[in-house]
Amino acid sequence: MRRQYLGKNHLHWCDRCHVPVLGKKCACGASAREVSITPPGDARPAFSADIDHINRIYVDYFGAPLIPEGHLAVLNKVPDKDRMEEIVMGGTVVGAIRYLPEEKKWEPLPRPAAALYLNPEKKVVVVDDGAIPSIREKSASVLAPGLVAIEDSVREGDEVFIVDRDGTCIAVGRAKTDAGTARTLDRGAIVRTRKVREATCIPGPATWDDAVSANATILARVEEEAVTFIRKVMDEHPIQANVSYSGGKDSLATLLVTLRAAGPLPLLFADTGLEFEETYANVNDVATHYGLEVIRTDTAEEFWTTMDREGPPAVDARWCCKVCKLLPIKRLIETEWGECLSFIGQRKYESFKRMKSPRVWRNGYVGCQVSAAPIQHWTAMHVWLYIFREQAPFNILYSRRIDRIGCYMCPSSDWATFEYIMEEYPDLWRTWDDALNGYKEKHGLPDIWVEQALWRKRGDTDEDDAGSYT
């Protein structure tokens with residue numbers, strides 16, 4: 001099925017302020033042009049650790065960093081075998097990075113606009129002037145007769161920059177042969193050129209404070225809509241209200257608009273026992289910062305007991321949400337209040353299932369809870385700019401390249417994230433690895449069941465169709 005945007009593509013760019021704008025007009029008065037990104041289109045800011053990570057990949061590969069200091073970059077996760085993120089700067093996609101799990105490495109995928117930000121020293125192919133028109137106009141391959149020079153490190157399958165004799169980038173592509181062989185050829189393709197797309201890219205320095213200012217009117221508008229929604233739902237459901245808080249950005253933004261609409265409400269935290277320490281710290285920090293009570297479940301043992309019986313959770317068998325979140329929340333609500341109204345950080349841009357979800361609903365497992373989603377129509381960029389505006393204490397994990405907050409071994413995570421956790425949180429991962437290997441031995445499963453993370457999926461059901469819980 002063809003991928004689609006999960007809502008309107010809000011991402012635009014102001015060439016005067018050099019910042020992303022979530023509408024057609026920047027607060028400076030200039031028109032903002034739409035940025036063409038790949039669906040589902042839930043772009044987010046690149047934090048310092050993201051930028052360092054991207055620049056390491058590009059330096060290793062091309063000998064030069066991609067993102068200059070003082071320039072804003074936006075990341076857009078796109079469908080791929082594991083993890084791939086487009087990099088937006090200057091109002092266009094200048095490239096991407098993709099994780100190759102079989103090789104356990106990241107690959108850069110530059111576009112011609114990347115050459116406005118970096119001067120590649122490696123993986124460069126120089127072509128003769130006569131070859132330039134067909135490459136530019138028809139995305140023709142670089143053929144042996146048109147080759148002037150090829151940098152020594154080029155290997156078959158490498159991404160390369162195609163430049164003229166003066167070093168100006170004409171196109172990008174993938175090498176069909178290595179440098180040594182290319183120099184001996186009289187005929188045949190040297191580089192398969194990627195189709196050239198016309199793109200306007202205007203580099204310029206800016207800060208995220210600048211981006212918040214540029215979106216001031218837009219943020220005020222979406223905030224007011226959310227506040228109105230919250231007050232209406234509370235009028236329609238005059239029962240104990242709370243904010244379902246996970247330690248993630250979406251629940252933090254939901255808390256912020258709920259504070260504006262209704263004042264302090266208790267935080268409802270489902271403690272699975274599988275959270276990062278940084279998440280527990282954030283729950284405490286947020287509660288202290290805003291003077292809120294935290295009411296939490298405690299279900300650590302239930303997860304391990306159920307895993308021993310059912311096996312590890314998978315994207316198409318996520319018993320963990322029911323066992324560790326929904327049923328404990330149900331018991332807690334019945335004990336504390338009988339029933340309640342919970343404001344939840346659900347957004348339609350997260351998945352196709354959530355796009356189709358109503359904004360107010362009752363979960364079949366938790367009939368005593370009315371759930372409502374104030375930020376249902378926000379993108380991740382709305383969320384982050386709003387958090388930046390409010391200077392709210394967000395989970396530090398986001399600034400460490402973990403973009404999805406939840407259980408550290410969530411089967412919905414990509415392998416790139418697991419590799420990061422293995423490196424940065426070895427004790428946590430060892431606990432999970434021991435549990436997987438114990439289950440594998442008990443049930444006579446092959447080693448690849450653990451080594452290739454085959455436990456993450458049991459059948460052919462897509463994650464959106466498997467049922468998700470909030």
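The model is predicted, and local features require pLDDT of at least 70, side-chain atom pairs pLDDT 80 or more, whereas totals for chains, interfaces and linings use all residues. Residues are numbered from 1 along each chain as its sequence is written, and side-chain values use heavy atoms, without hydrogens and water.

Helix 9 has 18 residues and spans 25 Å from first to last C-alpha, close to the 26 Å expected at 1.5 Å a residue, the expected span being 1.5 Å times one less than the number of residues. Helices (H or I, at least four residues) and strands (E, at least two) are DSSP runs numbered from the N terminus. A bend of about 25° occurs in helix 9 at Leu-326, with Pro-328 following within four residues; the bend is the angle between axes fitted to the seven residues ending there and the seven starting there.

Five strands form an open sheet in the order 4-5-6-7-8, with antiparallel pairing (strands pair if DSSP finds at least two bridges between them). Strand 4 (44-45) and strand 8 (105-110) are at the edges with a single partner strand each, so one side of each lacks a neighbour in the sheet. Seven bridges join strand 6 (residues 83-89) and strand 7 (residues 92-100) in the antiparallel sense, and Ile-87 has Gly-95 of strand 7 as its bridge partner.
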